[in-house]
Amino acid sequence: MKSIEKNIEKITITVDYRSELLGIIMWLSDYHNQFPHLFQPYANKFFTDNIIQKFNDFKNEPAILEFNELVKKHGFSYDAPIALFLQINENFNLNDISDYILKERLHNDPDIFKFLKDTKSFAQKIHFKEYYQQNIPLYKQWINDFAKTFKNTKIIDFFTNYFGYTNNTKFYINLMPYTTDGAYGCHVKNKIYSCFPVFKNARQENLFDTTNREKSIITTHIHEFAHNFINPLTEKYKSVISQENLFKNIKKQMKVQAYTSNEVIINEHIVRAIELRFLKIYYDDDEWIQRRIKKLKGQGFIYIDIIIDSLKYYENHREKYPNLDAFYPQIIKDIQKKSI
């Protein structure tokens, strides 16, 4: 199988067939009942109702029951299922599985391989290939509507210039019509996927409209893509960030959001600051940016102003700092000066 997709500004926008198969499994299993906030009845109801109507007779298939068990035993949820399915090849086989999935999220549970084997059989039994092909006109509509938001934004060129280097990463935006919340960044070898609920907060049935949502949508994907650049720098300078009292004043707020280590907290701060620098450079909308900063501080990202000021200094002194790698330790120093 191949996914329907469109390339624009060095980004591939797609509705990946593997995540569509996952969506069917989620709706036939108990998953959508366990995480109801991810499955609100927004404008995708016509789409999800069709899934239930078409496939409900298969809800007791082994793959569905095994998925329930994996979720129950290991809390296998949020980004983990989609990260797993994006590692499956076009024949619904898994040649390799990341340590993040197998070790961190599934605790080396061998049942995952039985689930994947049964998932392949499940896909054949429900004639999934035909289902996906029947939906291609809808997928094309959403992809084309979504692509309008990214026309001429040149996000990847911005990253290359801003960070001062490039790599062989391929960037994908994967639209997920079966869910309405939860945007996830997934790394699969040299590919990074920004997985986005295509109907998030949409209210018009059978139509995805990006009008008046452009900045919000773009920052979501800048966030996920920026992690590809920032996380390796944080790992490189890990010893500088590991001091025990760093971020102690916001640890509780961060933990509620599943940001439990200094490394993750600094990653989440910096990528949010980069989102805002992009918006300033590209849109110059100070009012929108200030509202966003206020919201972030309310969520516990109290060092966002400091990091933005650091990045402004970096932008104005590129002759001294040719890339963000060279400047990164200064960001940490600026935070340490203010950290209580």
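A residue is called buried when its relative accessible area is under 20%, exposed when over 50%, and partly exposed in between, with a 1.4 Å probe and protein chains only. The model on display is predicted: local features need pLDDT of at least 70 and side-chain atom pairs count only at pLDDT 80 or more, whereas totals for chains, interfaces and linings use all residues. Residues are numbered from 1 along each chain as its sequence is written, and side-chain values use heavy atoms, with hydrogens and water left out.

Rings of Phe, Tyr and Trp (its six-membered ring) count as a pair if their centres lie within 6.5 Å; planes under 30 degrees apart are stacked, over 60 edge-to-face, and the rest tilted. Because F55 belongs to helix α3 (residues 45-55) and Y131 to helix α8, this pair ties together parts that are 76 residues apart in sequence. Helices (H or I, at least four residues) and strands (E, at least two) are DSSP runs, numbered from the N terminus.

The structure holds 41 aromatic pairs. Another of them joins Y31 and F39: the ring centres are 5.9 Å apart and the planes stand at 90 degrees, so this pair is edge-to-face. Y31 is buried at 2% relative accessible area, and F39 is buried at 10%.

**Charges over rings**

Next, select R18 and Y17. R18 lies over the face of Y17, 5.6 Å from the ring centre. Then move to K215, whose charged end sits over the ring of Y283, at 5.3 Å from its centre. The criterion is that NZ of Lys or CZ of Arg be within 6 Å of the ring centre and within 35 degrees of the ring normal.

**Strand β3 and its partners**

Select residues 170-176, strand β3; six of its seven residues are buried. Strand β2 (residues 11-15) pairs with β3 in the parallel sense over four bridges, and T14 stands opposite N174 in β3. Strand β5 (residues 191-197) also runs parallel to β3, joined to it by seven bridges. There, P197 is the bridge partner of M176. Two strands pair if DSSP finds at least two bridges between them.

**Open and enclosed space**

Select M1, E90, F92, K120, A123, Q124, H127, F128, K129 and E130 to display the lining of the second largest pocket. The elements that give two or more residues to this lining are α7 (111-125) and α8 (128-134). By class, the lining has four nonpolar, two polar and four charged residues.

For the largest cavity, select M26, L38, Y178, T179 and Y184, the closest to its centre of the 13 lining residues. The lining divides into ten nonpolar, two polar and one charged. On a 1 Å grid over the protein atoms alone, a cavity is a set of points where a 1.4 Å probe fits but cannot get out, and a pocket is an open set with protein on both sides within 12 Å along at least five of seven lines; lining residues have an atom within 4 Å of a point. Ala, Val, Leu, Ile, Met, Phe, Trp, Tyr, Cys and Pro count as nonpolar, Asp, Glu, Lys and Arg as charged, and the others, Gly among them, as polar.
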